[in-house]
Amino acid sequence: MAEFTIDALGEACPIPLLKAQKKCKEIQVGDVVIMNIDHSCALKNVPEWARKEGYNVEVEEVEEGVWDIYIEKTA
Amino acid sequence: MTARAAAELEHLKKLMLKDAWPYWVGGILLGLLNIIIFIYMASPWGVTTTFVFWGAWIYELFGGHPETWSFFTMQAPMMQTLKGGLLNHGGSIINIGLIVGAFLATAAASQFKIKKIKSSRQLVAALVGGLMMGYGSRLAFGCNVGAYFSGVSSMSLHGWVFGIFIFIGAYLGSKLVVKYLM
Amino acid sequence: MSETPVTSMIRKRPQTTIKKKSQIGYTIAALVVVVAVGMFLAQTKILLSIIWFIGITLGVVLQKSRFCFTASLRDPILTGSTTLTRATLIAFAVATVGFAALQFTTILKGGPITGNVSPVGVHTAIGAVIFGIGMVISGGCASGTLMRMGEGFTMQWVSIITFILGSVLGAIHFGWWTENFFNAAPKIYLPQTLGWAGSFFGQLAVLALLYVIATWYEYRKAN
């Protein structure tokens, strides 16, 4: 199970989601993408998209206004 | 307070303060708020006409004469508002309130963070994008709020036409974002 | 909740020692400002104070629901998502009902057509396209820009400057556009052409239809 980190801090909408979509297409099933974000929109639309795709998603707040989104490609 | 009650309170605090609300809840609330605005301000919610006044008053601060602009000379109610100043202007108050309200909500969730601009491309995009929105909203008699949201809700054809073409604009803008800003 | 590889990953991660502070200080400061300004404005005119609190509420609602008109128009094509689009349709439907009631009562009393009914023409299309491009590249529409200013995005503190500048240019050119475009353009209030029942129920029906299409569009790929 490979782990990929994407730094999307400071990126404007919709860049974080686009990056997440692009990376998830490239990786293998069982791999995990960790995305660092600080955008409240991305906090909502990235997990929403990933869950719709059926992936496992966890969100962790790292500090005020900064989150890590863990996406595990399940299929 | 029992441990159970304390946990319930924490959970409720989290739901109300920290968690995001569903989009559809926002949709209903915004619809209701626009109606309230229409009642209290005699016309529906609009954001961008206020920016003309902000620009005019700033220009005045630097010794300029915005009252010569055709926007004011050709529209008496606008001229009257210009003369009235910022503190009498409902549009300014509602816009500033919006900024403060957003800050309040973010801080209450302890999610406030200053996000600096990452690259010169982002800077250019912000500058050019702002300019386009400013000029475009003048041509269309409003923005996503005044022309689209309020226009459509007022059963005005211009709102629907705006909606079709802002969609096209968003499509073109997306192409630019993917090509140059990713 | 069963343990997935992701949750176990988080559990095993060394707890970073960044102490998460509560921003209660900022919150209280903001509340003080809200109340103080509200009271100050009430001394001039109660209405201004009410408008202030409406503005505060708008900011809170937009931020808490992460509402974004830009995304509602951009995401269907860019990411295939229509959840925000559908939420805007709900907002339109709710407002349509309230607005129609207000407009209807005014007209019944012999008053004029109220609401945002503006001249429609080629300038509407041009303006909307330009606005649409601008909002996507700058990362926020009009309400979105204000909201994000409050959230701390310096990008929006920059775009507001040119947003104002562009508005000023448009205001200076207002005369030219009026002579060449606005004067010839009609204001079309739908009930005048389609009748009250036709416009009101027709508009709600169209909004409902768009809602159905948006739902189908989002879920059609999910198999």
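Here are some questions and answers on the contacts, salt bridges and cores of this predicted model.

Residues are numbered from 1 along each chain as its sequence is written, while chains are lettered from A and ligands numbered from 1 in the order in which they are written. As the model is predicted, local features need pLDDT of at least 70, side-chain atom pairs count only at pLDDT 80 or more, and totals for chains, interfaces and linings use all residues, with side-chain values taken on heavy atoms, hydrogens and water left out.

Q: What makes the pair C:Glu218 and C:Arg86 a salt bridge?
A: The rule asks for a side-chain nitrogen of Lys or Arg within 4 Å of a carboxyl oxygen of Asp or Glu. Here the closest N and O atoms are 2.8 Å apart, so the pair qualifies. C:Glu218 sits in helix H11 (residues 196-219) of chain C and C:Arg86 in helix H5 (residues 83-108) of chain C, so the bridge ties together parts 132 residues apart in sequence. Helices here are DSSP runs of H or I, at least four residues, and strands are E runs of at least two, numbered from the N terminus.

Q: Why is C:Glu218 called buried?
A: Buried means under 20% relative accessible area, exposed means over 50%, and partly exposed is in between (1.4 Å probe, protein chains only). C:Glu218 comes out at 4%, so it counts as buried.

Q: Which secondary structure elements does the pair B:Lys18 and A:Glu61 link?
A: This salt bridge, 3.2 Å from N to O, crosses between chains, from helix H1 (residues 3-18) of chain B to strand E3 (residues 56-63) of chain A. B:Lys18 has 27% relative accessibility, so it is partly exposed, whereas A:Glu61 has 16% and therefore counts as buried.

Q: Why is A:Glu26 called partly exposed?
A: Its relative accessibility is 49%, so it falls in the partly exposed class. A:Glu26 also meets A:Lys23 in a salt bridge (3.6 Å, N to O). Both lie in helix H1 (residues 15-26) of chain A, 3 residues apart, about one turn of the helix.

Q: How many residues are in contact between chain C and chain B, and how much area do they bury?
A: Contact means heavy atoms within 4.5 Å, and 117 residues of chain C are in contact with 117 residues of chain B. Buried area is the accessible area (1.4 Å probe) that two parts lose on being put together, summed over both. For chain C and chain B that is about 10700 Å², 80% of it on carbon and sulfur atoms. The salt bridge count between them is 0.

Q: What makes up the largest nonpolar core?
A: A nonpolar core is a set of buried Ala, Val, Leu, Ile, Met, Phe, Trp, Tyr and Cys residues joined through side-chain atoms within 4.5 Å. The largest has 88 residues, and B:Leu30, B:Trp45, B:Phe72, C:Phe131 and C:Met135 touch the most other members. Helix H3 (residues 46-64) of chain C gives the most to this core, with 9 residues. A second, separate core of 19 residues includes A:Trp67.
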